[in-house]
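I opened this notebook to record what I looked up in a structure that was new to me. The entries are kept brief.

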There are 2 protein chains.
Amino acid sequence: MTARVQSVLNEVEYIVGYKTYVDLIKPFLTHQQIVATGMRQEIDRCREAIRLAAEGHRVAVISSGDAGVYGMAGIIIECLEQENLLDMPLEIIPGVTAASAAASMLGAPLMHDFAVVSLSDLLTPWEVIEKRVRLAAEGDFIFALYNPKSNGRPQHIETVREIVLRYRRPDTPVGLVREALRGEESSVEITTLEDFTKHKIDMLTTVIIGNSQTRIVGPYMVTPRGYKL
Amino acid sequence: MTARVQSVLNEVEYIVGYKTYVDLIKPFLTHQQIVATGMRQEIDRCREAIRLAAEGHRVAVISSGDAGVYGMAGIIIECLEQENLLDMPLEIIPGVTAASAAASMLGAPLMHDFAVVSLSDLLTPWEVIEKRVRLAAEGDFIFALYNPKSNGRPQHIETVREIVLRYRRPDTPVGLVREALRGEESSVEITTLEDFTKHKIDMLTTVIIGNSQTRIVGPYMVTPRGYKL
């Protein structure tokens, strides 16, 4: 959590968010009223936040990670547009996205160009996702995969593994981070492209697949930037 | 700056970093001794930090943005390896990377899959960079370009524009953010793929090129996630 988020949380009257995320910040709240909604109720959340703000209240809508990376920032703006309220004051506060959080627990896998891809096909056709995986694999991008096991489609991550194996060695390092930076809830594993899908991967996991240069250095996964030491 | 960084800065005896970045955090420092070095002295900085830590001091090495994204995290680990000190305690604290910071000032351009690419060819052959740009353009990835004008090579960004124009409309939104989230130093422009290289772009600029769905919504640049409103 950034210092800016801490100070804004103190200034607002209402906190609007997905229940699980609201629970995570409850220790930091004092006077604020909470509007917590369930999973996939993003649009309802935005409408409620905008209604409260239009009444003159100061409102914070929260996301996990960075609200600007697959988060609530976009849908808030789209809701404001639909309600002809684009002139409403809005501050988007960036955060630490899951790729950064996971990378910090693995070592330094993101020292070179990387592609962030969500494997959730709820809002994106799988063909588009698969094409992106193929092109990023060919380009030797490091991958940060979000939502690696989506909604009853456990085979997607296997398909990703097969595609990337066409371009990279089976022993390419892969990092699996569950609930990155959530204290004792967090777990970290470093494995290989060959084997990573045998490990536990779920919606709370961020998967980082190394590029052709990524290597294991002691307990760390590192993609060299290219400095001559 | 995250709350974790604030508390660690308070705990350490030494701050090691590039002079410009040390200057940015001076307002937050009290008792710490400062070791500031010049540009491109990354390896010297690491060696000095490791020397101080090996003497038993608590040392923080700082990066701008996220130390884990093209930052100091990787080279620290590589220096530890070279000096046979991989068992030295090391905490990598993630931050808000430039892509996230720039996105927050533009609206919500990173609501979909994106590629982070550095155009600096100091440590990476230009052919590799150009290939990545072509593949990410074909994959309809949003781009976050770091170091868009590198070291006396102003034509790189023109080449990127030409490549992406093969795959995307000339009016694709492009956001230019200089010194993201550095208060009055910051500047933001939203322009188009056709025109963006006519604007001021330098090493302190982050360039975000939209995908085929990105659009301008009032004062914002937004890539729709795909929700039905």
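The entries below go from the ground rules to the copies, a helix, the sheets and the cores.

**Ground rules.** I work from a predicted model, in which local features need pLDDT of at least 70 and side-chain atom pairs count only at pLDDT 80 or more, while totals for chains, interfaces and linings use all residues. Residues are numbered from 1 along each chain as its sequence is written, chains are lettered from A and ligands numbered from 1 in the order in which they are written, and side-chain values use heavy atoms, with hydrogens and water left out.

**The two copies.** I superposed the copies by least squares on the C-alpha atoms of residues with pLDDT of at least 70 in both. A rotation of 180° with 0.0 Å of shift along its axis brings chain B onto chain A, at an RMSD of 0.0 Å. That is the relation of a two-fold axis. I noted that 100% of the contact residues of chain B recur in chain A; contact means heavy atoms within 4.5 Å.

**Helix α6(A).** Helices are DSSP runs of H or I with at least four residues, strands are runs of E with at least two, and both are numbered from the N terminus. The expected span of a helix is 1.5 Å times one less than its number of residues. For the 13 residues of α6(A) (126–138) this gives 18 Å, and the end C-alpha atoms are 18 Å apart, which agrees. I listed its buried residues (under 20% relative accessible area, 1.4 Å probe, protein chains only); among them are Trp126(A), Ile129(A) and Arg132(A). Their cover includes β5, β6 and α7 of chain A, together with α6 of chain B. Just after α6(A), I found Asp140(A) with a positive phi of about 60°.

**A sheet in chain A.** I counted 3 strands in an open sheet of mixed pairing, ordered β4-β11-β10; strands pair if DSSP finds at least two bridges between them. β4(A) and β10(A) stand at the edges with a single partner strand each, so one side of each lacks a neighbour in the sheet. β4(A) and β11(A) pair in the parallel sense over 2 bridges, and Gly107(A) has Met221(A) as its bridge partner.

**A sheet in chain B.** Here I read the order β2-β1-β3, with parallel pairing in an open sheet of 3 strands. β1(B) and β3(B) pair over 3 bridges, and Ile15(B) stands opposite Ala60(B).

**The core.** A nonpolar core is a set of buried Ala, Val, Leu, Ile, Met, Phe, Trp, Tyr and Cys residues joined through side-chain atoms within 4.5 Å. In the largest, of 44 residues, Ile209(A) and Ile209(B) touch the most other members.

Definitions and conventions: Buried means under 20% relative accessible area, exposed over 50%, partly exposed in between (1.4 Å probe, protein chains only).
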